[in-house]
Amino acid sequence: MSNHHDSTHIDWDELGPLLERGAEVQSPLYRQATDWLRELVPAGGVRRILDIGSGPGVITGLLAEAFPYAEVVAVDGTEPLLERAAARAARAGQGDRVRTRTAELPDDMADLGEADLIWAGGFVHHLGDQRAALGTLGRLLRPGGLIAVLEGGLPARHLPRDIGIGRPGLESRVGAAVEDWFARMRAELPGAKDEVEDWRALLAASGLTPSGTRSFLLDVPAPVPMSVREQLVSAFAWQRRLVEGLLPDDDIAVLDRLLDPEDAEGLLRRADAHLLTARTVFTARRG
């Protein structure tokens, strides 16, 4: 077992392309989610949307599609990601309705202005005080407005339990190591507070009325197209860095083979590589 531990610091500049490609691959799932939101709030009544922690703006674009009368504001603390979001919006012909806003989160959240719909996709868990952050976002909602918090779901699975090399169960062990990394990352956040991840209860504690929870499945069975294979390689490479020092050397060696484009057992060549995941969206409404 290696003694080296990668920092829990996230290099968002480097992660930008991975985030964008990953969201593009998962866009069918996110489109289902935005279609569901349109059932919860009438499209004609949504004039301003905040996409908090928008990253490169893939979901920003889907929100603009689903709510054609709304200004959609992509909010993030990382300029290179917002540049990607602005470029995406321009390519999609949404440049007149999609805005970008650089904001230090959570410090600047209270200054983002009112909204009819707030989307926080995989963002709240990057803040030390999740309860306080949800309270701030809840106060930005106009009466009748809706917040949608995407957190949790099911870990993505890409390989069978026994892949023919190394010990069976590699992906489960990688997942457990990533959970260890995640716990360290959260513990190191400024103002970190332990919180039971009962998102409905946390939203209710913010003075909002829980308004439905739904999980959305993404199932791309083997054999997957090359665009998905390339995304799997990017995702495994990122995890490989996170779990350095958290997995035994024999597992790391198998990961390196999976990442090798020349290896017949690698992700780019395997016939059994797939993508199966589910993401959960928790919603609540301001009375």
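1. A salt bridge here is a side-chain nitrogen of Lys or Arg within 4 Å of a carboxyl oxygen of Asp or Glu. The model is predicted, and the count by this rule is 20 salt bridges.

2. One of them joins the side chains of Arg88 and Glu24, at 2.5 Å from N to O. Arg88 lies in helix H4 (residues 79-91) and Glu24 in helix H1 (residues 12-25), so this pair, 64 residues apart, links distant parts of the chain. Arg88 is buried, with a relative accessible area of 19%, whereas Glu24 is partly exposed at 37%.

3. Asp116 pairs with Arg142, their closest N and O atoms being 2.9 Å apart. Asp116 is buried at 12% relative accessible area, while Arg142 is partly exposed at 25%.

4. The axes of helix H6 (residues 170-187) and helix H9 (residues 249-259) come within 11 Å and cross at roughly 110°; H6 and H9 are therefore roughly perpendicular to each other. On the H6 side the contact involves Leu170, Arg173 and Val174, and on the H9 side Asp251, Val254, Leu255 and Leu258. These residues divide into 5 nonpolar, no polar and 2 charged.

5. Asp251 in H9 and Arg173 in H6 are 78 residues apart in the chain. They form a salt bridge, with the closest N and O atoms 2.8 Å apart, and both residues are buried.

Conventions. Residues are numbered from 1 along each chain as its sequence is written. This is a predicted model: local features need pLDDT of at least 70, side-chain atom pairs count only at pLDDT 80 or more; totals for chains, interfaces and linings use all residues. Side-chain values use heavy atoms; hydrogens and water are left out. Axes are lines fitted to C-alpha atoms, for helices over the stretch in contact, and angles run from 0 to 180 degrees between N-to-C directions. Helices (H or I, at least four residues) and strands (E, at least two) are DSSP runs, numbered from the N terminus. Angles under 35 degrees count as roughly parallel, over 145 as roughly antiparallel, 65 to 115 as roughly perpendicular and the rest as oblique. Contact means heavy atoms within 4.5 Å. Ala, Val, Leu, Ile, Met, Phe, Trp, Tyr, Cys and Pro count as nonpolar, Asp, Glu, Lys and Arg as charged, and the others, Gly among them, as polar. Buried means under 20% relative accessible area, exposed over 50%, partly exposed in between (1.4 Å probe, protein chains only).
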